[in-house]
Amino acid sequence: MSFVMGGGMASRGRPRDMQVDERVLRIAAALMLERGYAGLSIDEVAEQAGVAKTTLYRRWPTKDHLAIAVVARLQADDEITDTGDIRADLVNYLEKIATGLNRMRAAGHRQGPSAGAVGELVAAAARHEDIGRLTREQYAKRNAIALALIERARVRGELRADLDAEALFDQLAGALYYRVMITGAPVDRAYAERLVSSALEGSLTCQ
């Protein structure tokens, strides 16, 4: 999933203790995945991490800021691989996005179609200008990697020379978020395969 930003807010003064950051984010992630967004408590995170609440608030001014940082941590290991097969590479990457979305959607063991924590995180970006800005910046960084993957496929002749890479990626990623946020329909590898096949129709040089 791509609701991502750095570990916390920039601050002045002495350097931050990254071990504290890591401990707090690990505990917060466990709580949010178990109980959902509503079950994420600053008080409980501070108690389990063995730090003062003021320490958390200096790093993450609100629960929204902490929750967004948790997602960034969970997504830190996601990679985009380039095997030379654009269809397979796009399916693999969309599956990673879907896995992240499903993990957030299921946080708190919600039953039935629901955006779950995904909806809360989108709302957080709307509530706070700084979160919205940082989230857009992080989207731009990650999207640039995916766009480069598509561009390399275009350069090597696998995709049409006049292909709009940004429009293609918007079709793919946007469809996943639409199903999670609007229709509540499942997103999985099978859907990613259907989505890529549909989006690439007319984009490949060899039909």
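Partly exposed means a relative accessible area between the buried limit, under 20%, and the exposed limit, over 50%. Thr183 has a relative accessible area of 41%, so Thr183 is partly exposed. This is a predicted model.

**Thr183**
- Thr183 is found in helix 8.
- Ala115 is 68 residues from Thr183 in sequence.
- In space, the two C-alpha atoms are 9.1 Å apart.

**Aromatic pair**
- The model has 1 aromatic pair by the ring-centre rule.
- Tyr93 and Phe169 form the pair, and it is stacked.
- Their ring centres are 6.3 Å apart, with 20° between the planes.
- Tyr93 belongs to helix 5 (residues 86-106).
- Phe169 belongs to helix 8 (residues 165-183).
- The pair therefore ties together parts that lie 76 residues apart in sequence.
- Tyr93 and Phe169 are both buried.

**Helix 1 against helix 4**
- Helix 1 (residues 18-35) packs on helix 4 at an angle of about 95°.
- The axes are 9 Å apart.
- Angles of 65 to 115 degrees count as roughly perpendicular, and helix 1 and helix 4 are therefore roughly perpendicular to each other.
- Helix 1 brings Glu22, Val24, Leu25, Arg26, Ala28, Ala29, Met32 and Leu33 to the contact.
- Helix 4 meets them with Leu66, Ala67, Ala69, Val70, Val71, Arg73 and Leu74.
- By class, the contact of helix 1 with helix 4 holds 12 nonpolar, no polar and 3 charged residues.

**Helix 4 against helix 7**
- The axes of helix 4 (residues 63-75) and helix 7 (residues 129-155) come within 11 Å.
- They cross at roughly 15°.
- That crossing angle makes helix 4 roughly parallel to helix 7, because angles under 35 degrees count as roughly parallel.
- The crossing of helix 4 and helix 7 is left-handed.
- On the helix 4 side, the contact is made by Asp64, His65, Ile68 and Gln75.
- On the helix 7 side, Asp130, Ile131, Thr135 and Arg142 take part.
- The contact of helix 4 with helix 7 has 2 nonpolar, 3 polar and 3 charged residues.

Definitions and conventions: Residues are numbered from 1 along each chain as its sequence is written. This is a predicted model: local features need pLDDT of at least 70, side-chain atom pairs count only at pLDDT 80 or more; totals for chains, interfaces and linings use all residues. Side-chain values use heavy atoms; hydrogens and water are left out. Axes are lines fitted to C-alpha atoms, for helices over the stretch in contact, and angles run from 0 to 180 degrees between N-to-C directions. Helices (H or I, at least four residues) and strands (E, at least two) are DSSP runs, numbered from the N terminus. Angles under 35 degrees count as roughly parallel, over 145 as roughly antiparallel, 65 to 115 as roughly perpendicular and the rest as oblique. A crossing is left-handed if the near helix is turned anticlockwise from the far one by less than a right angle, and right-handed if clockwise. Contact means heavy atoms within 4.5 Å. Ala, Val, Leu, Ile, Met, Phe, Trp, Tyr, Cys and Pro count as nonpolar, Asp, Glu, Lys and Arg as charged, and the others, Gly among them, as polar. Rings of Phe, Tyr and Trp (its six-membered ring) pair if their centres lie within 6.5 Å; planes under 30 degrees apart count as stacked, over 60 as edge-to-face and the rest as tilted. Buried means under 20% relative accessible area, exposed over 50%, partly exposed in between (1.4 Å probe, protein chains only).
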